[in-house]
Amino acid sequence: MYEKDVEKQYNIMSHFYNVLYAEADMKDYEDEFINQYKEVLKELPQNAKVLDSSCGNGIQATALKKEGIEVVGTDISEEMVKLSKQYAKSNNLSFTTKQLSWQQLPLHFKEEFDVVFCCGNSISHSMSRAEMLSNIKSLYKVTKKGGKIIIDTRNWDKVLKENTRFNTSDVIEYKGKRYIFTYIWNLNGFNKASNVEILFIEITDDKETSCKSLKLNFMPFTHYDFILVLKNCGLKILKDNFHLDADNYSVILQK
Ligand SMILES: C[S@@+](CC[C@H](N)C(=O)[O-])C[C@H]1O[C@@H](n2cnc3c(N)ncnc32)[C@H](O)[C@@H]1O
């Protein structure tokens with residue numbers, strides 16, 4: 001099953017995930033996230049409940065918790081859930097977490113969330129159009145009537161147009177070690193299973209290096225198709241900041 005592959009991939013990936021963020025200013029990242037959705041957050045009722053449905057390393061859920069919002073973090077990968085707990089703890093915070101795929105959400109929650117987030121290009125791990133529809137329907141089922149769903153994604157229209165095959169990072173320092181990572185993109189077109197292979201080179205000292213290769217499966221989709229899927233789920237589009245030249249875009253939806 002596709003979901004199981006992605007779950008396994010992120011369980012392995014979790015060991016390197018923080019390296020990808022090592023040079024990012026996490027505070028800036030959190031502030032930017034809160035600022036981007038401040039209008040939605042401002043309208044939250046008292047005792048609102050928010051779900052981060054692919055909480056990953058916990059950066060968005062922690063940012064929400066810092067705003068005093070009750071947040072639940074779920075993710076298909078147990079190891080990513082652990083990362084999110086660690087990140088919250090490093091900020092002297094905690095929130096409820098559960099290892100759950102999007103498909104499993106309606107088995108655990110009712111129509112109870114005021115806002116459901118699906119951030120960081122996570123939805124692209126739906127491996128077919130039908131799977132994406134069914135994943136978003138699951139988010140719909142756990143959202144209150146009138147509640148919001150916020151999804152952000154890489155702009156695949158731009159990615160496929162540019163069709164870059166390789167990206168390599170600069171040398172990154174993390175916990176006393178140095179790393180270089182290279183992305184090798186295996187893009188097969190819109191609505192086709194694709195993957196990115198990430199080569200993590202760990203430089204132990206100036207004489208020794210080791211290399212670990214990881215893969216992440218995803219399916220690129222056009223903005224046009226994505227909007228059709230969202231409408232098919234019965235969602236009203238309140239905001240869509242898609243632009244042909246932007247690397248990412250996000251949509252704010254209402255049930
Ligand atoms: C690119 S990461 C983004 C994580 C985090 N939101 C961020 O912005 O860094 C994608 C996340 O989606 C999760 N994911 C992938 N497929 C999922 C599914 N079917 N159900 C729930 N989570 C899923 C992965 O485990 C991973 O943590």
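The shell around the ligand divides into seven nonpolar, 10 polar and two charged residues, where Ala, Val, Leu, Ile, Met, Phe, Trp, Tyr, Cys and Pro count as nonpolar, Asp, Glu, Lys and Arg as charged, and the others, Gly among them, as polar. The model is a predicted one, so to speak of local features takes a pLDDT of at least 70, and side-chain atom pairs count only at pLDDT 80 or more, while totals for chains, interfaces and linings use all residues. Residue numbers start from 1 along each chain as its sequence is written.

Altogether 19 residues surround the ligand, the closest being Tyr10, Ser54, Gly56, Gly120 and Ser122; a residue belongs here if its C-beta atom, placed from the backbone, lies within 6 Å of the molecule. At least two residues of this shell come from each of α1 (2-20) and α4 (59-66), with helices taken as DSSP runs of H or I of at least four residues, strands as runs of E of at least two, and both numbered from the N terminus. It is α1 that gives the largest share, three residues.

Helix α1 also packs against α5: the two axes come within 7 Å and cross at roughly 30°. Axes here are lines fitted to C-alpha atoms, for helices over the stretch in contact, and angles run from 0 to 180 degrees between N-to-C directions. That crossing makes α1 roughly parallel to α5, the label for angles under 35 degrees. On the α1 side the contact is made by Tyr10, Asn11, Ser14 and Tyr17, and on the α5 side by Glu78, Glu79, Met80 and Leu83; contact means C-beta atoms, placed from the backbone, within 7 Å. By class, that comes to four nonpolar, two polar and two charged residues.

Leaving aside residues up to four places away in sequence, Val116 touches Leu51, Ser53, Leu139, Val142, Thr143 and Ile149.

Most residues other than glycine have a negative phi. Asn92, however, has a positive phi near 55° and sits in the loop between α5 (78-90) and β3 (96-99). Asn92 is exposed, with 6 other C-beta atoms within 10 Å; the cut-off for exposed is 12 or fewer, for buried 20 or more, and partly exposed lies in between, with C-beta atoms placed from the backbone. Asn163 likewise has a positive phi, of about 50°, and lies in the loop between α8 (156-162) and β6 (166-168). With 8 C-beta neighbours inside 10 Å, Asn163 counts as exposed too.

Note on methods
Two residues are in contact if their C-beta atoms, placed from the backbone, lie within 7 Å. Angles under 35 degrees count as roughly parallel, over 145 as roughly antiparallel, 65 to 115 as roughly perpendicular and the rest as oblique.
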